[in-house]
Amino acid sequence: MRLSQMLFVTLREDPAEAEIPSHKLLLRAGYIRRIGSGIYAYLPLMWRVLQKVSQIVREEMNATGAQECLLPQLQPAELWKESGRWDTYTKAEGIMFALVDRRETELGLGPTHEEVITTVAKEMIRSYRQLPLHLYQIQTKFRDEIRPRFGLMRGREFIMKDGYSFHADEESLKKTYQDMHQAYSNMLRRSGLKFRAVEADSGAIGGSGSQEFMVLADAGEDEVLYTEDGKYAANVEKAVSLPADAEPSPFNSYEKRETPGTETIEKLCQFLKCSPTQVVKNVLYQAVYDNGTTVLVLVSIRGDQEVNDVKLQNELVRQAERYNAKTVLALQVPDAEAQQKWAAKSLPLGYIAPDIPDDYITSDPPQPPNALGGPRVEAKFLRLVDKTAVDLKNFVTGANESGYHVVGANWGEQFKLAESIVDIRKARPGDRANHNPEQTLQSARGIEVGHIFQLGTKYSKAMGATYTNEQGEEMPLVMGCYGVGVSRLAQSAVEQSYDKDGIIWPVAIAPYHAIICIPNVSDAQQIEVGEKLYTALNQAGVDTLLDDRNERAGVKFKDADLIGIPYRIVTGRSLQSGKVEVVERATHKSQEIPIDEVVSTLKQWIEAAIS
């Protein structure tokens, strides 16, 4: 492609809307243009990058035996209601674009395709002889992000590869899951990215286990905790660890003490001259289930620890059945306005004990309960005790009276230990690793570009997708799903690799391998050599741009650096000795190469870079 004929406009200043380097650079270099909030046009250079990423994805997926297909973006709400996720995606998370057509039929724009693919499998898979089966697609997805930002990182419309596998048993699923782990590792390695595979929370997708593939970058939205021995890595939402040992308690007997102005752990410990590891703090949450039931949750946890909201939400979903519900629509620490709707009397915030009486909850529901038992307020606290608080002796905790705490308290004596003992603490850098206490957790930032899930029978049971086994029995299909954000991966490459001059694309996914800059388009020799190299390189499979614009050499060099093409060929003064200057974008190293060796040299460099 000749740059003089391309839709190519660069900016010298950072756009006001852009927050992180990759977003700024993609806009400045003319790769994307903002059309609306979270909506971008992929311009010619960007589309070439996305095509190259997609090709790597296809090759790795096809190598595993997966078959490519294309599923509808417009999905009937009835499928999502059948799986139980309609309310989760349209209300709880609110990320699905929902609409009603002229026939008053509810529809959604697909943020993911588990329901659609399960419907296909339900109608087409009959026998174990058809299994395992793995289908995938590369397609535009839609998610109504609360706060679209960072360009293609968190957009409302994006390109994704999503795949779904069907199996007769868990053993077969685990084999495909491991195949996908390897395929995803290959995709990212071939794309020239530094990455880490980590244990992850399955979120609204569900399933028994999942892994995220994180591209390491300082601007990553996710925190990854890992050990130096390489044996453990997890998203902070999923991470587990061993907390520091609790210090001995200075209190030998139980008593109630006046502790004015100690509504925080820090103030309390200063007042009592004790360690936060000997405090049981009691944190109040308000959960709203999908049937409208509000449940007040009291979490007792060691004073130096924090509650992991994702782990807490997962635990509440596990408890949903006792409230005739399926999932949690909202989870929050109730503010004063929220408390007014259910509190029978003023709560002693900052001084709550594990046994705060249930009569703090009003017995009068805000609205009459419906047939499902909601909307209503559950009249009893759901009490959860984190494992860090279970073994404490002679601990400090609230006294259910503002300005007072108790010291020297014990489970089984002053306080009954709740039935639900859970692990909902937030793991932190510096914690000891579970697999080896001599290893401590380190922290890194990452951008999630891939996620693989072992779904099991969650969707097949809900939607009646079955197969007949060898014994003639009808069994639910065992499923897995596997996603890669194609457009997000492309931007994450920029976030990982850039400098003050612009983008530094990995060779494998760069829009072009080389750019020929003709410093002086009035010089016949420069034009002739540039044209010949342009033709020869493209014929040899080296994707090459020709900057034949009538611009100053300095402008061309700046643009070449900004758009990040791996190799710049300059037909300048070195032509007098039968050579051209070749500059490597990543290192800025420059060398003069004989004209007749340029094609073979670049081919060799490119093959080495993508091998």
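## The annotated span

In this predicted model, the end C-alpha atoms of residues 252-279 lie 14 Å apart. The span is 29% helix and 14% strand.

## Backbone background

Most residues other than glycine have a negative phi. Most peptide bonds are trans.

## A cis peptide bond

Which two residues does a cis peptide bond join? They are L131 and P132. The omega angle of this bond is about -5°. P132 is found in a loop.

## Positive phi at K273

K273 is not glycine, yet its phi is positive, near 55°. Where is K273 found? It is in the loop between α7 (265-272) and β14 (280-289).

Is K273 buried or exposed? Its relative accessible area is 72%. Exposed means over 50%, so K273 is exposed.

## Positive phi at N324

N324 also has a positive phi, near 55°, and is a residue other than glycine. Its place is in the loop that runs between α8 (309-318) and β16 (328-332).

What is the relative accessibility of N324? The value is 59%. The cut-off for exposed is over 50%, so N324 counts as exposed.

Conventions: Residues numbered from 1 in each chain as written. Predicted model: local features only at pLDDT ≥ 70, side-chain atom pairs only at ≥ 80, totals over all residues. Heavy atoms only, no water. Helix = DSSP H or I, 4+ residues; strand = E, 2+ residues; numbered from the N terminus. Buried < 20%, exposed > 50% of the residue type's maximum accessible area, 1.4 Å probe, protein only.
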